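Subject: Handover of a structure

Dear colleague,

I am handing over the structure below for you to look through. My notes come after it.

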Amino acid sequence: MGTNMKKAFTALLCLLFCITISAQDKAADFSKLVGDWSFSAPDAPYGYQAGSFQIRQENGKLTAKVDIQGSILEIRDIKARGDKYFGSFYVDGTPVDLTMIQEGNTLKGMADAGGMQIPVKFKKTKK
C-alpha cells in the first residue's frame, strides 16, 4: 500500500510540475514590434484620427510614444499576453486603454477611450 501511495504522489507531483511549466508565458520576441509606426483611427474624434507611434524596448519592457498633432503622449509599459499587447495612456485627461495584435507588418488594435471603442490600424514606417 505504501508503494502505491508513493507512485501516486510522484505522478501527481509530475503532473503539477508539467502544468506549471506549460502555464508560463513564453518570452515574447519584441523585435518585430519595436520601431516606428503610423496609425489611423477614422472613427476617432476629429484631430485624433492619425499620428505616429514609436515603440521602444527599454530594460526588458516595451514603452511607446504617441504623437497626435504634435502632442507627445507616453505609454510607460506595454504588457504582452500571448499574441496581444496592452498599454494605457491619457489623452486630454481621458484614460485610453489600447489593445493591439500584430499581423505581419501591421498592427490592429482597439482603443477604449471613455467608453468609446475606436478601431486603430498601425503600419510600420521606414526610416
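The model is predicted: local features need pLDDT of at least 70 and side-chain atom pairs count only at pLDDT 80 or more, while totals for chains, interfaces and linings use all residues. Residues are numbered from 1 along each chain as its sequence is written, and side-chain values use heavy atoms, with hydrogens and water left out.

Overall fold

The protein has one helix and eight strands. These are DSSP runs numbered from the N terminus, helices being H or I of at least four residues and strands being E of at least two. Along the sequence the order is α-β-β-β-β-β-β-β-β. The strands make a closed barrel of eight, β1-β2-β3-β4-β5-β6-β7-β8, and the pairing is antiparallel. From one strand to the next, the twist averages 30°; axes are lines fitted to C-alpha atoms, for helices over the stretch in contact, and angles run from 0 to 180 degrees between N-to-C directions.

Strand pairs

Two strands count as paired if DSSP finds at least two bridges between them. In general, strands of a sheet pair through backbone hydrogen bonds, either parallel or antiparallel.

- β1 (residues 35-40) and β8 (residues 116-124) run antiparallel and are joined by four bridges; W37 stands opposite K124 of β8.
- β7 (residues 106-113) pairs with β8 over eight bridges, again antiparallel. A111 has I118 in β8 as its bridge partner. The hairpin of β7 and β8 has two residues between the strands, and G114 there takes a positive phi near 60°.
- β3 and β4 are antiparallel too, with six bridges; L62 is partnered by I78 in β4.

Burial and core

Of the 127 residues in the protein, 27% are buried (under 20% relative accessible area; exposed is over 50%, partly exposed in between, with a 1.4 Å probe and protein chains only). Among the contacts with a separation of 6 or more, 29% are between residues 24 or more positions apart; contact means heavy atoms within 4.5 Å.

The largest nonpolar core has 27 residues, of which F53, I55, M100 and F122 touch the most other members. Such a core is a set of buried Ala, Val, Leu, Ile, Met, Phe, Trp, Tyr and Cys residues joined through side-chain atoms within 4.5 Å. Two or more residues of this core come from each of β1, β2 (50-58), β3, β4 (71-81), β5 (84-91), β6 (94-103), β7 and β8. The largest share, four residues, is from β3.

Leaving out residues up to four places away in sequence, F53 touches residues that include W37, F39, V66, I75, L98, M100 and F122.

T63 lies in β3 (residues 61-68). T63 is buried, at a relative accessible area of 11%.

Largest pocket

A pocket is an open set of points on a 1 Å grid over the protein atoms alone, where a 1.4 Å probe fits, with protein on both sides within 12 Å along at least five of seven lines; lining residues have an atom within 4 Å of a point. The largest pocket holds about 350 Å³ of space, the volume being the space filled by probe spheres set on the points, which are joined across faces, edges and corners. Its lining has 20 residues, and Y48, V91, V96, A113 and I118 lie nearest its centre. β8 gives the most to this lining, with four residues.

Regards
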